[in-house]
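Welcome to this short briefing. Take a moment to look over the sequence and the 3D view, then read on with both at hand.

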Amino acid sequence: MIGRLNHIAIAVKDLAAASAVYRDMLGAKVSAPVPQPEHGVTVVFIELPNTKVELLEPLGANSPIARFLEKNADGGMHHVCYEVDDIVAARDRLKAAGARVLGDGEPRIGAHGKPVLFLHPKDFCGALVELEQV
Ligand code: CO
């Protein structure tokens, strides 16, 4: 059911410092910061030949990554995003299998302007999973 790895998201406290690590130490192609107030994050996109890495910094008072960074002071891997062809069909199949879909279970428009859902880490080997319909 799942297809390509769309991106790996890493939560960071200092986006400029994290961008410098990826740009200067790892030699990656790093975008300018993109504020996404509707998602409570500022994002830097890193293009790799086969996938993307997204660095997420909290934005605003109710950022969904604030608590994660309280527990992970150095930052850390926040979620993986897999592509699916039909997000509603994927959701229904996962719910029927007993997986927990976060929020109200309805896809919303994600950081790339496409429908996304998040799946509970406890059901997926301890890793928060994002599904994106492409
Ligand atoms: Co994501």
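What spacing do the donors of the cobalt ion follow along the chain? The donors follow the spacing H-x71-H-x50-E. Before going further, please keep in mind that this is a predicted model, in which local features need pLDDT of at least 70 and side-chain atom pairs count only at pLDDT 80 or more, while totals for chains, interfaces and linings use all residues. Residues are numbered from 1 along each chain as its sequence is written, and side-chain values use heavy atoms, with hydrogens and water left out.

**The cobalt site**

- H7 (NE2), H79 (NE2) and E130 (OE) coordinate the cobalt ion, at 2.0 to 2.1 Å.
- Donors here are N, O and S atoms within 2.8 Å of the metal (3.2 Å for Na, K and Ca); water is not among the atoms, so sites may look incomplete.
- H7 sits in strand β1 (residues 5-11) and H79 in strand β6 (residues 76-84), so this pair ties together parts that are 72 residues apart in sequence.
- Strands (E, at least two residues) and helices (H or I, at least four) are DSSP runs, numbered from the N terminus.
- Are these two histidines buried or exposed? H7 counts as buried, at 1% relative accessibility, and H79 is buried too, with a relative accessible area of 5%.
- Buried means under 20% relative accessible area, exposed means over 50%, and partly exposed lies in between (1.4 Å probe, protein chains only).

**Strand β5 and its partners**

- Strand β5 covers residues 52-58 and is mostly covered, with five of its seven residues buried.
- β1 and β5 run parallel and are joined by five bridges; for two strands to pair, DSSP must find at least two bridges between them.
- Across this pairing, I8 stands opposite V53 in β5.
- Strand β4 (residues 41-47) pairs with β5 in the antiparallel sense, over seven bridges.
- Which residue of β5 is the bridge partner of V43? The partner is L56.
- β4 and β5 form a hairpin, and four residues lie between them.

**Salt bridges**

- How many salt bridges does the structure hold? There are five, each a side-chain nitrogen of Lys or Arg within 4 Å of a carboxyl oxygen of Asp or Glu.
- One of them joins R4 and E83, whose closest N and O atoms are 3.5 Å apart.
- This pair links distant parts of the chain: R4 is in the segment before β1 and E83 is in strand β6, 79 residues apart.
- R4 counts as exposed at 55% relative accessibility, whereas E83 is buried, with a relative accessible area of 12%.
- R23 and D24 also meet through their side chains in a salt bridge (3.1 Å, N to O).
- R23 is partly exposed, with a relative accessible area of 42%, and D24 counts as exposed at 54% relative accessibility.
- R100 forms a salt bridge with D123, and their closest N and O atoms are 2.9 Å apart.
- Here too distant parts of the chain are linked: R100 is in the loop between α3 (87-96) and β7 (108-109), and D123 is in the loop between β8 (115-119) and β9 (128-133), 23 residues apart.
- R100 is partly exposed, with a relative accessible area of 40%, and D123 is partly exposed, with 28%.
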